[in-house]
Amino acid sequence: IPASSLPAIIRTFAPYLYKGILHTPKIEATSHWRARTRALSVMAHFPIEEPEDSGSAVVRSVLRSIQHGKLNWAAIAHLPQNIGEVANLTWTAKVRHRRAISRRAHIRLNLDCEQYPSPDNRITLSNHTDELGMPIPQLHWRIGERERHTITTYSNTIDTLFQTMKIELPYWRPELKEENDTWLNYAGDTFHMMGGTRMGTSSANSVVDRNLRVHGIDNLWVAGCSVFPTGGSSNPTFTMMALTLRLADTLKNYLHTK
């Protein structure tokens, strides 16, 4: 991110506190934009990376050690030399209700894109077996043109948005504009295994029904991100928790009828 743009970006997109909970602003593509551009679900956000010896990093390390029940005395020893940043962190949180960002922080722009729910991306059983004689699962997975088109198109939209906001444009990886797979060298996984047991109304194109019961099996249910019909671009954990709580109620009713 250009140095001249940092004040505007921090003022607009820095994480903020609301009722004691830290929220991270994101720029989510609308359904209208996705339909018009034939793009997948996608969003932009600004990860903030503080140096390990910064006041924010030291305070975070101390708080995490308290959560684990064992104080990190090494981190506490660094507090005095970071007293200025710690004071700014406290003032910004209590008065401005924002997360303080030090001048040494590294800020970048990330684009998070869902994957197209292709039947070619799937898990099958291989001809090889493990020590117990069970077939070993085999993963078929690749990223295709739909994802590249979405990322490229949305980066152009973000450019236009920043111009409207009078914010200097970020530096984009040049590989992003090339029509090949080199952009994948700068892509990363968000570690949510989704779609392997997708939800649907028919066993022809899904694994579980709307109640998360496996098609054709009376007493087998699945809970987790794997039941999502599509991946989406935002954090799936709350939706997964809601589905799990709903399944708990379903199982209670099921057991009461037995």
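Are phenylalanine 46 and phenylalanine 162 buried or exposed? Select the two residues: both are buried. Keep in mind that this is a predicted model.

**Aromatic rings**

Across the whole structure, a search finds 5 aromatic pairs. Start with phenylalanine 13 and phenylalanine 162, a tilted pair. Their centres are 6.4 Å apart, with 40° between the planes. Phenylalanine 13 sits in helix α1 (residues 6-13) and phenylalanine 162 in helix α6 (residues 145-164), so this pair ties together parts 149 residues apart in sequence. Phenylalanine 13 is buried, as is phenylalanine 162.

Phenylalanine 46 belongs to the loop between β4 (42-45) and β5 (48-49), while phenylalanine 162 is in helix α6, so the pair ties together parts 116 residues apart in sequence. Show the three side chains at once: ring pairs link Phe13, Phe46 and Phe162 into a cluster.

**Hairpin**

Next, select strand β8 (residues 122-129) and strand β9 (residues 135-140). The two run antiparallel and are joined by 5 bridges. They form a hairpin, with 5 residues between the strands. Find threonine 129: opposite stands proline 135 in β9. In the turn, pick glycine 133, which has a positive phi of about 85°.

**Surface patch**

Select Leu63, Ile66 and Leu71, which make a nonpolar patch of about 270 Å². Leucine 63 is found in helix α3 (residues 55-67).

Note on methods. Residues numbered from 1 in each chain as written. Predicted model: local features only at pLDDT ≥ 70, side-chain atom pairs only at ≥ 80, totals over all residues. Heavy atoms only, no water. Pairing = 2+ DSSP bridges. Helix = DSSP H or I, 4+ residues; strand = E, 2+ residues; numbered from the N terminus. Patch = residues over 30% accessible without salt bridge, like charges linked within 9 Å, V, L, I, M, F, W, Y side chains within 5 Å. Areas by Shrake-Rupley, 256 points an atom, 1.4 Å probe, with all protein chains shown as cover. Salt bridge = Lys/Arg side-chain N within 4 Å of Asp/Glu carboxyl O. Phe/Tyr/Trp six-rings, centres within 6.5 Å; stacked < 30°, edge-to-face > 60°. Buried < 20%, exposed > 50% of the residue type's maximum accessible area, 1.4 Å probe, protein only.
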